[in-house]
Amino acid sequence: MDSTSPRTIVITGASDGIGAAAARLLSAAGHHVAIVGRSPEKSAKVAREVGGDHFVADFTRLADVRRLAAELDDAYPRIDVLANNAGGILGDRTKTVDGHERTFQVNHLAPFLLTGLLLDKLLASRASVIQTSSAGARLFGHLDVDDLDHDRDFTPHRAYGTAKLENILFTTELHRRFHDRGLSSAAFHPGVVATSFGTESTSVLRPLYQSRIGKLVLATPERGAAQLVRFAQTEPGVGWQSGAYYERGRVARRVNPQARDADLARRLWDRSAELAGVAA
């Protein structure tokens, strides 16, 4: 697709923060944006602002993700960009109704399932799949494929950092498996952004995100959304490199060593497919 053509762009976690900011910027550039959020009211409000559709799904329920995938598949003949943006630090260790640690499911397993269920349409559309990751992958992440639900090593920061590492590994494995069939992928760290991030957590950083000082020193949601907007509007191989993880607008030089482990990426994919109930 020509980089100037209007695109159909699905953004999860788009009812506020970075996702909502990206939706506004992309809509202003002439693209059709589908808003996915957990709150019906907030999602509908953003959708009205951008003249797009809204879909409601709670990623702590994989049944919601399956319904969402079916609704998106029915709604659009093509999807040019899937931005897996929903996620965050989600507080104390809690199991979802599906039996998984909540941070792992919301940040990794649910977007993995959504992408997998939409894969045929994404391939037919020669789409880009964008993951909102974090430098927390390098700072706190440590992946044990045999303990994805953190039964042995849970802390809120460890679970979050590991989930953001999983986003990067998912990106590289998507590229390895499907780039030669037209699918592109990228992950990025949006910076430390003044949003509602962390409001459900007991993170020591939570007061900073909610304070007046935080709103002065942290990046705006629009600035945090800039890379997502760039990936959504520009061609892989021209504007950005498929399969890569970005920080500050360029391919990150410093990453968690596990992020470079191709065998680990394959094992994570296979285990995630098993847990989500989709073909590997």
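## The second largest pocket

When it comes to lining the second largest pocket, α10 gives the most, with four residues. Keep in mind that this is a predicted model. The elements that put two or more residues into that lining are α6 (136–140), α10 (221–233) and β8 (250–251).

How much space lies in this pocket? About 510 Å³. It has 20 lining residues, and the closest to the pocket's centre are H189, G191, E247, R248 and G249.

## Strand β4 and its side chains

Now over to β4, which covers residues 81–84. Which way do its residues point? V81 and A83 go one way, while L82 and N84 go the other. Whichever way they point, all four of these, N84 included, are buried.

## The neighbours of β4

β4 has pairing partners to look at, and one of them is strand β1 (residues 8–12). β1 and β4 are paired in the parallel sense, with three bridges between them.

Strand β5 (residues 128–132) is another partner: β4 and β5 run parallel and are joined by four bridges. Here A83 turns up again, standing opposite I130 in β5. A83 itself is buried and points the way V81 does.

How values were computed
Residues numbered from 1 in each chain as written. Predicted model: local features only at pLDDT ≥ 70, side-chain atom pairs only at ≥ 80, totals over all residues. Heavy atoms only, no water. 1 Å grid on protein atoms, 1.4 Å probe; cavity = no way out; pocket = protein on both sides within 12 Å on 5 of 7 lines; lining within 4 Å. Points joined across faces, edges and corners; volume = space filled by probe spheres on them. Buried < 20%, exposed > 50% of the residue type's maximum accessible area, 1.4 Å probe, protein only. Pairing = 2+ DSSP bridges.
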